Structure formats: structure tokens, C-alpha cells
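Please open the structure in your viewer and keep the selection tool at hand. The tour below goes from stop to stop, saying what to select and what is there.

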Protein chains: 2
Amino acid sequence: MKRTCYVGKVNASYVEQRITLQGWVNRSRPLGGLIFFDLRDREGMLQVQVPPDSEAFETAEKLRSEYVVQVEGVLKYRPENQRKGGTADFELWADQVTILNEARTLPFQVDGIVDDNVKEDLRLKYRYLDLRRSDMQNNLRLRHKITTAIYKFLDSEGFISVETPFLTKSTPEGARDFLVPSRLNPGTFYALPQSPQLFKQLLMVSNLDRYFQIARCFRDEALRSDRQPDFTQLDIEMSFVDQEDILTLCERLMDYIFQTVMGMSIPVPFERLTYEEAMSKYGSDKPDLRFGCEIIEASHVFQNTEFKAFSTALAEGGVVKFLVAPELTRKQIEELERVAKQNGAKGLAWVRLEQGRLTGGISKFITAEQSDILTGYMYEGSTLLFGAGPFKHAVSALGAVRLALRDMFGWVKGNETFNFAWVTDFPQLDFDEESGTWTYMHHPFTSPNPADVHLFGTEGQGKIRAQAYDLVLNGFEVGGGSIRIHDPETQRKMFEAIGLSREEAQSKFGFFLEALEYGTPPHGGIAWGLDRLVMLMARTESIREVIAFPKNNRGVDLMVDAPGEVDQRQLEELFIEVKLPQE
Amino acid sequence: MKRTCYVGKVNASYVEQRITLQGWVNRSRPLGGLIFFDLRDREGMLQVQVPPDSEAFETAEKLRSEYVVQVEGVLKYRPENQRKGGTADFELWADQVTILNEARTLPFQVDGIVDDNVKEDLRLKYRYLDLRRSDMQNNLRLRHKITTAIYKFLDSEGFISVETPFLTKSTPEGARDFLVPSRLNPGTFYALPQSPQLFKQLLMVSNLDRYFQIARCFRDEALRSDRQPDFTQLDIEMSFVDQEDILTLCERLMDYIFQTVMGMSIPVPFERLTYEEAMSKYGSDKPDLRFGCEIIEASHVFQNTEFKAFSTALAEGGVVKFLVAPELTRKQIEELERVAKQNGAKGLAWVRLEQGRLTGGISKFITAEQSDILTGYMYEGSTLLFGAGPFKHAVSALGAVRLALRDMFGWVKGNETFNFAWVTDFPQLDFDEESGTWTYMHHPFTSPNPADVHLFGTEGQGKIRAQAYDLVLNGFEVGGGSIRIHDPETQRKMFEAIGLSREEAQSKFGFFLEALEYGTPPHGGIAWGLDRLVMLMARTESIREVIAFPKNNRGVDLMVDAPGEVDQRQLEELFIEVKLPQE
């Protein structure tokens with residue numbers, strides 16, 4: 001016996017018709033001699049009533065929440081004053097009720113939003129029940145719609161989806177690999193891919209021209225609310241393009257997704273900032289641009305200051321910068337100082353404007369001349385918050401304080417706006433002060449800006465700009481990519497710059513260097529973190545809300561029993577013993 | 001500088017226009033003082049000529065095969081008598097040639113079909129070059145088109161794509177798992193999924209109602225031409241359906257794929273055979289129906305035979321059956337006998353019809369009465385080939401002989417037709433004669449035919465029919481599925497039937513048995529082997545032709561160096577030492 005339609009799709013055209021529905025009993029209650037229950041399926045809910053003289057009554061008396069039933073009867077309008085729109089305009093007068101399956105009492109309710117008292121551990125253990133809740137269903141459907149939109153758009157643009165291998169050689173993405181022992185070659189391991197990076201570049205060598213993949217990637221890293229050890233990325237690569245082509249393609253794709261999935265337009269092109277600008281103005285390479293509160297340069301103001309922290313910072317080549325905050329209580333300032341300190345600052349200097357004069361904090365160190373300049377940025381009651389020190393330290397601390405102010409004053413509510421931006425011109429190389437070595441900022445296949453290539457191997461190689469770009473949404477990095485190196489000579493220079501000898505480069509990436517020598521076109525691409533994008537579009541704060549079966553907080557799959565004690569050393573011994581190929 | 005269009009998309013609208021193209025030099029040759037070369041990209045080829053007075057001439061002289069170039073110039077029609085249609089109607093008179101990248105001499109040619117002398121090992125080593133060949137590009141594009149069609153069709157039918165986990169507990173699919181050591185829990189392993197079977201059933205418990213996924217699956221098995229250790233399946237599951245709903249859905253989806261991808265219709269509904277019929281008529285549960293040559297029952301004919309092999313078979317409860325073959329030489333009969341023996345037969349009895357009389361082979365044992373019946377199936381020169389023994393042995397041997405006849409006489413040419421069929425009513429249980437135990441035929445979650453459930457636990461449980469079905473294309477299994485058990489009681493009966501104690505069932509599948517108790521709807525599904533389907537649609541005979549980066553014959557990824565010696569024992573010791581959780 002087939003259902004006439006989904007419960008949630010019942011409409012006026014069925015009124016006075018005999019229909020068959022199937023679904024779950026949401027709640028059942030006797031009332032005035034009748035039995036009422038709500039029948040629920042994926043698409044919605046409908047009230048069912050079973051009169052006492054119906055042959056279905058006896059069965060209906062047995063119904064409990066979450067029983068699976070088939071119901072037959074005639075659809076009626078509800079009394080006019082009880083109609084609430086949609087399926088709530090109707091009720092089914094059932095004369096046949098068949099129990100398709102029974103249900104034990106659930107560990108938590110699945111109608112409506114989840115009770116805050118239900119611990120996430122319990123929700124994860126009974127994930128298959130948690131997924132019955134409509135907000136989880138909506139998140140899964142949102143994810144599906146986004147994926148489908150990606151296929152439709154990229155297919156129409158001539159992109160070819162290609163599946164790349166899972167059991168492969170270690171790829172150089174900088175995180176820890178998950179390993180798979182090879183049965184055929186004892187003591188050796190496959191690595192699960194951290195990304196399809198090398199494969200997609202090889203596909204460009206293959207003249208595929210435009211590639212995409214919804215790709216599962218694996219990094220053996222700690223769980224966080226916005227990170228799972230296996231995650232999904234939209235992976236894109238294109239030949240014969242420059243950076244602008246890729247940014248434009250992404251903007252059009254994102255706009256298409258928002259239009260088809262959310263029914264809304266987003267402003268394109270997205271705002272573009274260089275890495276330098278993003279760090280200067282927002283103290284972050286993934287700035288939240290939904291509010292202002294930019295960091296303001298004040299080094300020139302304090303050239304001759306008597307305030308020790310500032311003068312030292314400037315003498316050592318650092319900077320002094322500030323944010324303009326609203327009126328702050330002493331407690332709020334302490335809270336913000338804590339944030340600044342957590343982000344590398346030694347303290348958080350401040351002054352307030354009261355009745356036209358700077359007071360409190362470091363006001364006694366401020367000269368009349370300095371005050372004239374500073375008060376120009378202020379309004380009555382407002383507070384300046386200072387950062388001083390080496391550029392990166394000062395702006396990072398103020399960037400963190402800026403976000404704390406956002407949360408403190410609720411400048412961003414309900415994730416209602418979607419503010420995309422590109423951050424471009426990342427540095428090609430990063431100097432690791434601890435080890436005293438240079439490493440890549442994005443990955444070692446990123447092309448430097450041709451104007452800066454001459455700096456390779458010089459003291460100024462930290463200034464080489466990469467043709468690399470990140471896509472930022474509401475303060476989260478949701479994508480990153482680059483134009484790639486396509487000639488073996490530049491690739492070798494890059495390996496040298498990060499301290500790989502010719503022999504090491506050959507042994508690690510020999511096959512790839514060889515591939516570059518058979519006619520590789522200029523190419524570049526990007527990867528979007530799909531989980532995080534869905535999380536933001538679903539307006540939720542945990543990535544676990546948009547993954548059907550996430551790992552739980554203990555780092556194990558919800559279908560695996562709770563683990564025993566963790567003994568890191570023991571595992572590392574095991575690994576050494578079986579000789580990892582990549583070490 | 002952007003390309004005006006793909007090389008292969010150049011058309012009459014560009015004639016006399018100045019255009020810019022980018023691509024690979026296919027072949028370059030001097031001719032009459034000019035330099036001619038073919039420029040190639042993903043979409044096609046175009047002839048370029050560079051006159052000696054052009055400033056591009058010096059660069060053009062340097063061009064070698066597979067250089068990547070940018071070419072600018074004016075598009076012209078070729079002389080009328082040289083036009084061959086498409087881009088071969090035109091040529092580009094180039095005045096600017098820029099080398100974007102050089103290329104070493106390739107290890108093999110990439111234009112046209114691959115030279116048979118090029119070993120597959122070499123093609124796999126330089127896979128990125130092999131993929132430049134147009135037939136490989138076509139295969140990858142075919143695969144992409146099929147995938148995209150699946151998304152479009154299933155989305156329009158209300159299916160929701162869901163990604164299921166990769167790092168999970170071992171799933172009971174009967175093959176060897178690939179394992180991933182857990183760093184957090186030394187000595188324990190994740191298994192890579194052999195299929196998303198349990199997850200998709202849990203999604204039905206979750207009321208997702210219609211699920212699909214293009215899912216990568218992993219089985220640590222030997223490579224074959226039609227099997228890779230990680231493979232892709234289209235995975236589908238539906239709630240509130242019966243078998244007929246799933247078969248119909250698949251037929252509509254397959255028809256949609258053939259219409260949109262191949263521009264052709266396939267006959268629906270597909271032919272349906274029960275397992276019993278398929279085995280009786282074709283000696284296979286994946287019969288090739290592109291030709292007739294059915295197996296014919298002859299047990300009744302030989303009730304009183306003096307031919308020992310037949311009388312013994314019948315006395316032991318077996319059967320005698322035959323195929324009608326064309327006229328066969330002695331050598332052909334020997335070849336077919338070899339096939340029969342490889343498939344479990346002791347020999348291959350035969351007779352021929354010559355001038356109206358049975359001759360040769362076992363003709364001297366055939367009575368006049370038997371002859372009257374047998375010759376009714378024959379024509380002058382035709383040969384009967386007999387199988388005798390237990391039913392399954394006899395038909396399996398004749399089934400193999402039937403396929404050998406197909407290949408011997410070329411009954412099926414060029415894989416031009418696509419003949420789909422459903423095989424239904426598989427047995428629920430299979431008796432393993434070696435171990436003397438019962439096991440599942442499909443998997444342990446398959447629902448038995450309700451009419452046969454009473455046979456569980458009886459001697460007749462081998463006769464229980466499963467609600468299981470395979471999708472067969474041209475003699476290959478391309479899909480398989482079943483209606484699932486949705487009540488815990490039947491699930492427990494099934495576990496008992498295959499010898500799992502209540503405790504074992506609880507320890508292996510406790511979480512799943514528990515899930516069944518919270519209101520599980522009737523549900524069922526199917527998985528299509530996507531690689532194999534693409535292989536057949538691409539009309540190729542190796543699955544490696546439709547996978548971008550397959551593993552090679554030595555079982556290692558093409559990006560991993562050649563392995564050392566295989567020492568199975570050594571690996572197994574390693575595994576025992578670290579204590580697999582599932583043993």
C-alpha cells in the first residue's frame with residue numbers, strides 16, 4: 001500500500017478524498033472520547049483523529065510516540081477558527097491504522113528544538129534519533145542543496161568532476177597523516193589524502209582544463225567545534241587562468257548558491273584586501289567585516305612619548321595602534337585586557353574621553369598635542385584601546401580585542417548577514433623564529449608574484465608576495481587557493497628557499513617535478529571548506545550540526561565504543577617500530 | 001591575456017577575426033618555408049601556420065611536441081578542397097607565438113589512440129600524460145556526465161545526498177577491511193567503510209526518507225580488470241517502499257542517464273528473472289541476455305539412459321541439461337570442454353546432427369526415442385553440449401560454456417547494445433559445504449520474503465527467498481540491493497540462522513539492533529557499482545580506463561614507488577601484535 005503523498009504535502013486538493021499516509025506518531029492523546037495524534041514525516045505534520053466507533057480505535061489506543069504507522073481515512077478541513085495554515089488547516093479522520101513498527105521510549109524528545117538539558121554526548125550516541133529533529137533535517141538538506149547547486153553550476157561552466165585516490169602517498173599539507181598499513185608491503189603505509197592538491201595539479205598537466213571535486217580529506221588533528229578529522233572540501237583547479245579568473249568564478253558560484261539555495265543575492269564582487277591591509281586594519285587574515293572598528297595607526301603620534309611601553313616598542317621598530325571602543329566599565333576593560341594578554345600583548349593601555357578631556361588609563365602620559373589628535377577619533381565616553389610592539393604582535397592583540405568588543409556589545413546579531421571578502425597577496429614564505437628556518441605560508445606549489453621572484457635566496461625573501469588568496473566569510477576562512485608554480489625552475493627555487501636540498505626535493509617530489517617538465521600549462525585553483533561554509537549558512541556554531549555522523553568530542557566515531565586511556569607514547573613507539581615511509 | 005575560446009570551439013564566426021588561443025603543440029613541421037603546427041586543447045585541434053616574415057617565426061622554429069603555447073593571429077578558412085569539417089575547416093595565421101612552457105620528449109605519443117606496444121605499466125607511470133589522450137579524456141567526461149545526471153535526477157525526485165563517515169567501525173560486508181591505526185587509542189584501528197550500508201539504514205531510522213550518495217568504498221582485495229581496492233558506488237536508500245518501487249526508480253534513473261549522457265533510449269522496464277530462472281536458463285546469476293542459447297532441461301529425456309554419467313547424476317538427485325551450439329570442430333569442442341572442466345564439470349558430452357542423424361560424442365548411448373526429442377531442438381550440423389550433475393554444478397558449467405560460445409562465434413560485437421535485466425528472489429541463506437555452516441547470501445540485513453519466514457530454523461531454511469535483487473548489464477553485475485529487515489525480531493532470527501549467538505549479535509551489532517527499536521520504517525535500497533557501469537558505457541574492458549588515477553597491477557598506487565617483496569606472514573604478525581579490535 002503506497003502513501004498518497006508525504007504527510008507534510010497534504011493540501012486542499014485532497015479534502016474530502018480518501019488518502020493513505022505513513023509516518024511517525026509525534027504525540028498521541030485521548031480527548032473527548034476520540035484519539036488524536038500528530039503524524040509526522042520528513043516534510044511536515046498533520047493531525048489525525050480516530051473516532052471511538054472506528055475499527056481503527058483499538059489500534060489507535062496502542063499508539064505511543066515514534067511508532068511508525070500507516071493511516072487511511074478522509075481528509076477534512078479543521079474548524080475555521082483552528083486553521084493555522086499549511087497542513088494545520090486539515091485533519092485526517094482515520095478509519096484504518098496499521099502499526100508498521102513499534103518504538104521504545106526515546107532518550108530525548110525529537111519534536112521541536114532540542115532541550116538544552118540534553119547533553120551533546122547523548123545526542124551523538126543516538127544520532128539517528130537526533131537527526132529526526134527538524135533543525136538537523138534542515139541542515140542536512142541545506143548541505144545537499146549546496147552540493148547539488150555546485151554540481152549544476154560547475155557542470156554548466158565546463159568543469160569536469162574527477163575522483164582522486166584515497167590510498168596514496170603522503171601529501172605535503174603540513175598536518176599529521178592518517179595511515180593505512182599496506183597488506184602487500186609489510187611495514188609500509190598508505191596515507192589518506194590531506195587534500196587532492198597534487199592530483200588536481202596533475203590533472204592540469206593532463207589538459208583537463210577545468211576540474212572540480214567534492215573531496216573528503218583527512219588530517220589527524222584535534223577536534224574543534226569547527227573542525228573534524230575528516231572533512232569535505234570543494235576542490236577546484238583551472239588552466240590558463242590568472243588569480244582574477246579564479247576569484248570571479250568563485251564569486252559567481254557563491255552568488256548562484258545563495259540565489260538557488262537561500263533565495264537571496266549577495267553583493268559581488270566581494271571586498272578585496274591584501275594580507276597587509278587585513279592585518280593592519282583588523283589584526284587578522286580572516287577579518288570579520290560585518291562591523292567597523294578598524295585599527296588605527298598612531299606610531300607617528302607617539303614618536304616622542306614618555307610612556308615607556310610605547311617608546312620601547314617604537315625604538316625597537318614596532319608600532320603603536322589603537323581601537324576606538326564605546327564607553328567601558330572597569331570590569332569590561334579588565335576582560336579586554338585579558339583577551340589582549342592571551343593574544344601576546346603585555347597589557348592593554350587605554351584612555352577615556354570625559355567632558356572633552358582624556359582621563360583614566362595612560363592619560364597622564366598624553367601631551368596636549370597628542371590629545372588633540374587622539375580626541376579627533378573619539379566621542380564623549382568613548383575609550384581608546386592601545387596595542388604596541390612588533391607589528392604582527394600589536395595588530396594580532398588588537399584584532400582579538402576587536403572581536404571581543406563585537407561579542408561584548410552584540411554588534412553582530414544572529415548571523416543574519418553574509419559578508420564575504422578576499423584576502424590576497426599573502427607572503428610566500430614565513431620565517432619560523434623558533435627553528436630559525438623558512439617555510440611555505442600556503443603550500444610549496446604556490447606561485448610567487450613574478451615581480452618578487454628576484455628576492456628568492458636574498459635577505460628580503462620574506463617580502464615575496466604569493467599569488468595566494470583566502471576567501472573569508474564573517475570572520476571565518478572558508479576557502480583558500482593560489483596560482484601554482486608551473487615551471488620546474490621556479491619550483492626548484494621554492495624548494496631551495498624552504499631549505500629542501502635538490503636531493504630531498506627529488507626524493508619527496510621527484511615524480512611531480514618530472515611531471516612539470518612535460519608541458520604544464522599555467523594553472524591555479526582553490527579549495528572551499530564545505531563543512532564550515534554549510535555551518536555558517538545554517539547559522540549554527542558547531543560543525544557537528546551539519547555533518548550526519550560526526551566524531552564526538554573524545555575523538556572517536558559515534559559508532560565506536562568509548563576509548564580507553566590515551567597513551568600517546570605507546571602509539572608513537574608502535575609507529576616507529578613499523579617504520580613509517582615518510583619519516 | 002585570455003584565450004578567445006577553446007581551440008576546439010573555433011568556428012565560422014571567428015573567421016577574419018583576430019583571436020588568441022592557448023594549448024599544446026600537437027605536431028610541428030616546416031613546409032614550403034612556413035611552419036605548420038597543430039594546436040590542441042581539451043576540446044579539439046586547429047592548424048596554425050606561421051609565415052617566414054612573421055615576427056613569430058623565430059619562436060615557432062623552437063616549438064616541439066607538447067610545448068604549451070599562446071598563439072595570436074587571424075582565423076582563415078582553409079582552401080575549399082582541404083576542409084574536413086569542424087575546426088579542420090579553418091587555420092590560424094599566427095603572428096604572435098609565446099611559449100608558456102616547454103616539454104621534454106614524451107615517453108609515448110598522446111595524440112590518437114595508444115600504441116599497442118606501449119605497456120600499461122608505462123602508461124600508468126606517466127598517467128598524467130596518458131590522460132591527455134582523447135579516449136581517456138572522453139572516459140573521464142563520460143563519468144562526470146553520469147555523476148552529474150545522477151545528482152540532477154535524484155535531486156528532482158526528492159533524494160537527499162548525505163556524506164557518511166570514512167573512519168568508522170568495521171562493517172559486515174564480508175571482505176577484508178583496510179585499517180587505520182587510531183593515534184588516540186593505541187592498538188585500536190578504524191576501518192575504512194566497505195559500504196555505507198549501516199549508515200544509510202540509520203538515515204532511514206532518522207526519517208530522511210530518500211537518501212543517496214556517490215560513495216567511495218574500500219575492500220582490501222586483489223586487483224582485477226574490473227575491480228579496484230577503492231571503488232565508487234551510487235548508494236541509494238528509501239523508506240516506505242517495496243521492491244517494485246526501487247526497481248522502477250532505478251529504471252527511470254538509468255533511462256535518464258542514457259538519454260542525457262548517451263542520447264539514446266533503453267527499453268524499460270528491464271527484463272526480470274528470478275535467481276532460479278537465471279540459473280536454470282543461463283547458468284549464471286548475472287546472465288548475458290544479448291543472445292539466446294538458453295540451457296534446456298533434459299532430465300526427463302534421460303530417465304532410463306544407459307550413459308553412466310547421466311544416470312548417476314539423475315540417481316543422485318541431479319539434472320541433465322544441454323545447450324544447442326552451431327557446428328563445432330573437434331578443436332572447438334576440446335576448447336569448450338576445457339571451459340566446462342574449469343567450471344566444475346567432469347567432461348562435456350556432445351552429439352551432432354548430421355544428415356538427420358545424431359553422430360559423434362555420446363550418440364551411441366542415445367535411443368531412438370531420445371533422439372526424436374533431442375533432434376527437435378537441432379538443425380543440420382548443430383551440436384548439443386550436455387551438462388549433468390547436481391543442479392548448480394551442471395548449470396554453472398553450461399553457463400560458462402554458453403559465454404565461451406558467445407566469444408567463439410562473436411555473437412556480441414563491440415558492446416553496442418546495453419541489455420539490462422533484474423535478477424530477483426535470491427536465496428536468503430547459503431550453505432557453505434566446506435565449513436558446514438549457513439551464511440547470508442546478500443548481507444545479514446536483507447529482508448526475507450514474508451511468505452518464507454516460517455522456514456527460519458528449519459531444515460528448509462535454504463529455500464527462504466530474500467527480497468534481494470541484482471541489476472545486470474551485458475553479463476556484469478552493476479548493482480545489487482534488497483528490502484531490509486526493519487523489525488528487531490526478524491533481525492534476531494536472521495542472526496540466529498547464520499549461527500550468531502544472541503551475545504555475539506549484541507556485541508557486533510548491538511547499536512544497530514537498538515536503533516531498530518526506536519521506530520524504524522520499512523525501507524530498502526540498492527548500490528550501483530559506478531566504476532563498472534562507466535566501464536561498460538565507455539565500451540572498454542578495463543576499469544582502469546575510467547578511473548583517473550587507478551592502482552596498477554602490482555596493487556600499489558601509481559604515485560608510490562614499486563614495492564619490495566611481499567611477505568604476507570610478516571604483515572599478519574604485525575597485525576596480531578597490535579590487536580585488531582574486530583578479531
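What percentage of the contacts in chain A with a separation of 6 or more is accounted for by residues 24 or more positions apart? The share is 67%, where contact means heavy atoms within 4.5 Å.

Before you select anything, note that this is a predicted model, in which local features need pLDDT of at least 70 and side-chain atom pairs count only at pLDDT 80 or more, while totals for chains, interfaces and linings use all residues. Residues are numbered from 1 along each chain as its sequence is written, chains are lettered from A and ligands numbered from 1 in the order in which they are written, and side-chain values use heavy atoms, with hydrogens and water left out.

**Chain A as a whole**

Select chain A, whose C-alpha trace spans about 95 × 75 × 50 Å along its principal axes. Chain A holds 15 helices and 22 strands, which are DSSP runs numbered from the N terminus (helices H or I, at least four residues; strands E, at least two). Of the 583 residues in chain A, 58% are buried; buried means under 20% relative accessible area, exposed over 50%, and partly exposed in between, with a 1.4 Å probe and protein chains only.

**Two arginines of chain A**

Select A:Arg42, in the loop between strand S2 (34-41) and strand S3 (44-50) of chain A. Is A:Arg42 buried or exposed? A:Arg42 has a relative accessibility of 9% and therefore counts as buried. Its side chain makes a polar contact of 3.0 Å with the side chain of A:Glu43; a polar contact is a pair of N or O atoms within 3.5 Å, where within protein one must be able to donate a hydrogen and the other to accept it, and residues adjacent in sequence count only if both atoms are side-chain atoms. A polar atom of the A:Arg42 side chain also lies 2.8 Å from the backbone oxygen of B:Gly158. Leaving out residues up to four places away in sequence, A:Arg42 touches A:Tyr6, A:Gln137 and A:Arg141, as well as B:Gly158, B:Ile160, B:Asn207, B:Leu208, B:Asp209 and B:Arg210.

Next, select A:Arg133, in the loop between H3 and H4 of chain A. A:Arg133 is buried, with a relative accessible area of 0%. The C-alpha atom of A:Arg133 is separated by 21 Å from that of A:Leu100, which is 33 residues apart from it along the chain.

**Helix H4 of each chain**

Now select helix H4 (residues 134-156) of chain A together with H4(B): the two pack at an angle of about 135 degrees, with their axes 10 Å apart. Axes are lines fitted to C-alpha atoms, for helices over the stretch in contact, and angles run from 0 to 180 degrees between N-to-C directions. This angle makes H4(A) oblique to H4(B), since angles under 35 degrees count as roughly parallel, over 145 as roughly antiparallel, 65 to 115 as roughly perpendicular and the rest as oblique. Among the residues that meet are A:His144 and A:Tyr151 in H4(A), and B:His144 and B:Tyr151 in H4(B). The residues of this contact divide into two nonpolar, six polar and four charged (Ala, Val, Leu, Ile, Met, Phe, Trp, Tyr, Cys and Pro count as nonpolar, Asp, Glu, Lys and Arg as charged, and the others, Gly among them, as polar).

**Helix H5 of chain B**

Select residues 197-205 of chain B, helix H5, where nine of nine residues are buried. What covers them includes strand S1 (18-31) and helix H3 (127-130) of chain A, together with strand S9 (210-218), strand S10 (230-239), helix H13 (502-515) and strand S22 (523-529) of chain B. H5(B) is followed by B:Asn207, which has a positive phi, near 70 degrees.

**Last stop: B:Ser482**

Finally, select B:Ser482, in strand S21 (residues 476-483) of chain B. B:Ser482 is buried, with a relative accessible area of 0%. Its side chain is joined to that of B:Thr446 by a polar contact of 3.3 Å. Beyond its neighbours within four places in sequence, B:Ser482 has contacts that include B:His442, B:His443, B:Tyr469 and B:Gly524.
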